[in-house]
Amino acid sequence: MAPDQPTDGQPPSARQRPDSGEAVPAAVRRRLEHPPSDRFAVPSPEPDVTGSLPWAVAGAALPSLAGAVLLVVLASPLAVSEPLVLVALLTGLAAGRGARWGGGGEVSRQRRRAIATAAVLLGIAAAQVAIWQLAIGEGGVLPLGDYLVAVFGPVAPLELIAGAAAAWATA
């Protein structure tokens with residue numbers, strides 16, 4: 001028997017169709033907090049909140065110190081001035097990344113940038129003073145500014161600019 005054929009002898013229009021239920025009035029309807037498919041979702045783990053201000057300072061200070069030592073070794077005993085700007089740039093990159101790693105999500109970007117830039121500027125300036133002191137120990141008589149201009153020319157300020165810019169950009 002075909003499903004279109006009435007089974008009780010009544011015409012199709014007279015037959016009562018089964019009702020699926022009463023409609024819920026609009027005033028009573030409510031929205032679900034979550035879609036039903038959420039029960040199948042894999043819960044995402046909570047992000048790890050890592051980092052702190054001391055770790056950000058340490059993350060910027062250690063590469064700055066290493067870069068300062070490398071600058072002193074290259075400029076004083078080896079008397080090489082060509083790669084000093086590149087070393088300062090790499091020091092800034094490492095200090096910026098160290099501040100970002102150490103600060104994590106706890107330290108704001110502005111504060112990380114300030115920490116990394118200050119650490120690099122202090123490290124490079126300390127390296128320049130140490131180089132000058134080593135030259136004084138060998139019999140030099142020029143003051144710091146005159147010594148840096150006479151021996152390194154524009155390299156000394158370029159070290160500060162390159163290192164600070166790299167630290168600020170990567171922190």
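**Aromatic pairs and their setting**

Guide: Both Trp55 and Trp101 are exposed (over 50% relative accessible area; buried means under 20% and partly exposed in between, with a 1.4 Å probe and protein chains only). The model is predicted, so local features need pLDDT of at least 70 and side-chain atom pairs count only at pLDDT 80 or more, while totals for chains, interfaces and linings use all residues. Residues are numbered from 1 along each chain as its sequence is written, and side-chain values use heavy atoms, leaving out hydrogens and water.

Rings of Phe, Tyr and Trp (its six-membered ring) pair if their centres lie within 6.5 Å; planes under 30 degrees apart are stacked, over 60 edge-to-face, and the rest tilted. By this rule there are two aromatic pairs. The ring centres of Trp55 and Trp101 are 6.0 Å apart with planes at 85°, so this pair is edge-to-face. Trp55 belongs to helix 1 (residues 53–75) and Trp101 to helix 2, so the pair ties together parts 46 residues apart in sequence; helices are DSSP runs of H or I with at least four residues, numbered from the N terminus.

Tyr147 and Phe152 form an edge-to-face pair, 6.2 Å centre to centre with 85° between the planes. Tyr147 is buried, at a relative accessible area of 14%, and Phe152 is likewise buried, at 8%.

A further ring, that of Trp168, has the charged end of Arg113 over it, 3.9 Å from its centre; the criterion is NZ of Lys or CZ of Arg within 6 Å of the ring centre and within 35 degrees of the ring normal.

Notes: Helix = DSSP H or I, 4+ residues; strand = E, 2+ residues; numbered from the N terminus.
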